Amino acid sequence: MLNKLSSFEKEFILDGVQKDIRADGRSCFDYRHLTIETGVLSNTSGSSRLRLAATDVLVGIKVELGRPLPGQDEGQILFSVECSTSASPEFQGRGGDLLSACLTRCLERMIANKKAIDMNKLIIIPEKQCWIIYVDTMILVNGGNVLDAISLAIRAALLDVKIPEISVVEDGDNYELEISDNPQACQTLDLGSWPVLVTLSEIGSKFIVDASIEEECCTVGRVTMEVSCVRKRLEKALLIRPSCQKC
Amino acid sequence: MPQKIHIRLAAHRVNASVAVNRRVPKIFTPGQVITEQNEFMRGHGTYEEEGFLKSSVAGVKEQVNNLISIRPLKSRYNGEVGDVVVGRITEVQQKRWKVDTNSRLDSVLLLSSVNLPGGELRRRSAEDEHMMRQYLQEGDLISAEVQSVFSDGSLSLHTRSLKYGKLSQGVLIKVFPSLIKRSKTHFHNLYVGASIILGNNGFIWIYPTVTNSEDGVGGFVQNLEEVVSRPERETIARLRNCILALTQSKMMLFDTSILYAFEESQKYSVPELLVPEAMVDVAILTQDRLSMAENS
């Protein structure tokens, strides 16, 4: 991290977390203020922008037709994360590539959770045509806790996605897809219950939620939990899958 | 233990501008026409196009007789001799340190401009050069004064006084340099139980008040073991949130405005001050008290 802190500042933050009072007065499990808006990018199927105090992320989603992967009968979701070069001095040139790759990998692991996300709903014609969703994220300002902000913004953008209605016309072995021309005739994406990521950062012997960028410099390790809400016969169950990272 | 998480739509965000004497200060944006007359002289931040005088930066208008200039809201710090700055060491070079002070170029702190243990007039030997990293490392925070300005605009700092030197435990806040009011002293020991250094470069340092002062050492040897108690931490956190509230409403920062904001913020708990409504409320109340103090 280019944002270096002096040993005294780190000591102050460490001691504060042990006493459950952080630099801005929050307790260990308080989030900062969140602001969200959807529908910000007109040339996408769905978009959102989320501000978590200083952190600013922008998500754009494009939905296209394509072939499913051989042997699989489900749609695809492809993630890409980009760090804007003005987000932080360390993102100049290729500096942001490491963080981008790390975040993209985290998001790809997230959709491996079959119980929460139902990719079979993206199939139009089995083994021939499916929806491919491209989720592109851009980090505009890095103010700490980017992964949580990205997961919240992606969930908001997916709920904003509008895909046109498609009807399949069978003609023997040939299929024809008719896409409705009416801009009002569209449906929202139904993927099951999209999860949200919560990152817990370890400072000293305690864990905190929503670390600011100074607190991230003092973290020893991080645990990211994927939390989703699954409804099964009117019962709500929380599924949590942890993934650990040692910094 | 359910925690409250504040989420809101961007469309419902709070307007942070605070009225001064019932007038909201007008902010000019780049390209905006200031005036149409030709008898005004162009100052900094303006340019002329098609007979109109237009602004080239985002800021407030300053007019002295017939000279119009625009003072930018957010800019890099332009140093002047005698300013007190708070900076972070970025490099240790042969006989000097490079300090980041939020200006266009890193400032320079020469080895000959610091107080070394052993007295004022000690000659700097070759050993001192090797021991430089033991005095100040990369990442350390210092308070210093601007000694001179080089021709390329970078600053030369010095810490030749006992009140300057390495900073120990505390919290650093970065604000726009234009919001710091110039005053006689930038070191304040507030009665509320914390001390504050208002650097002209926009870096503000809040730290617990030190009761005992070690003399002769020049501020370079500090105790990493000192513990900051919980009430002191709450005071420091409250001061930090008050300063951020004043910054969001673009109000000038000086010891009186910060103290008024601190007093007006007592009705909120410290984490509640991070909510935008509370920040605007504190800023408006502070502005009211400042106007009352001015008028009386």
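Between chain B and chain A, twelve residue pairs are in polar contact, with both residues at pLDDT 80 or more. The model is predicted. Strand 1 (7-9), strand 14 (171-174) and helix 3 (230-248) of chain B each give at least two residues to the side that touches chain A. Helix 3 of chain B supplies the largest share of that side, seven residues.

**Make-up of the interface**

- The side of chain B that touches chain A holds 19 nonpolar, nine polar and ten charged residues.
- Chain B brings 38 residues to the contact, and chain A brings 29 residues.
- About 2,900 Å² is buried between chain B and chain A.
- Carbon and sulfur atoms account for 62% of this buried area.

**Salt bridges**

- Two salt bridges cross the interface of chain B and chain A.
- One salt bridge joins the side chains of A:D15 and B:R233, at 3.1 Å from N to O.

**The largest cavity**

- The model has one cavity of 30 Å³ or more.
- The largest cavity holds about 40 Å³ of space.
- Helix 1 (residues 7-18) of chain A gives the largest share of the lining of the largest cavity, four residues.
- By class, five residues of this lining are nonpolar, one is polar and three are charged.

**Where the two topics meet**

Notes: Residues are numbered from 1 along each chain as its sequence is written. Chains are lettered from A and ligands numbered from 1 in the order in which they are written. This is a predicted model: local features need pLDDT of at least 70, side-chain atom pairs count only at pLDDT 80 or more; totals for chains, interfaces and linings use all residues. Side-chain values use heavy atoms; hydrogens and water are left out. On a 1 Å grid over the protein atoms alone, a cavity is a set of points where a 1.4 Å probe fits but cannot get out, and a pocket is an open set with protein on both sides within 12 Å along at least five of seven lines; lining residues have an atom within 4 Å of a point. Grid points are joined across faces, edges and corners, and a volume is the space filled by probe spheres set on the points. Ala, Val, Leu, Ile, Met, Phe, Trp, Tyr, Cys and Pro count as nonpolar, Asp, Glu, Lys and Arg as charged, and the others, Gly among them, as polar. Contact means heavy atoms within 4.5 Å. Buried area is the accessible area (1.4 Å probe) that two parts lose on being put together, summed over both. A salt bridge is a side-chain nitrogen of Lys or Arg within 4 Å of a carboxyl oxygen of Asp or Glu. A polar contact is a pair of N or O atoms within 3.5 Å; within protein, one must be able to donate a hydrogen and the other to accept it, and residues adjacent in sequence count only if both atoms are side-chain atoms.
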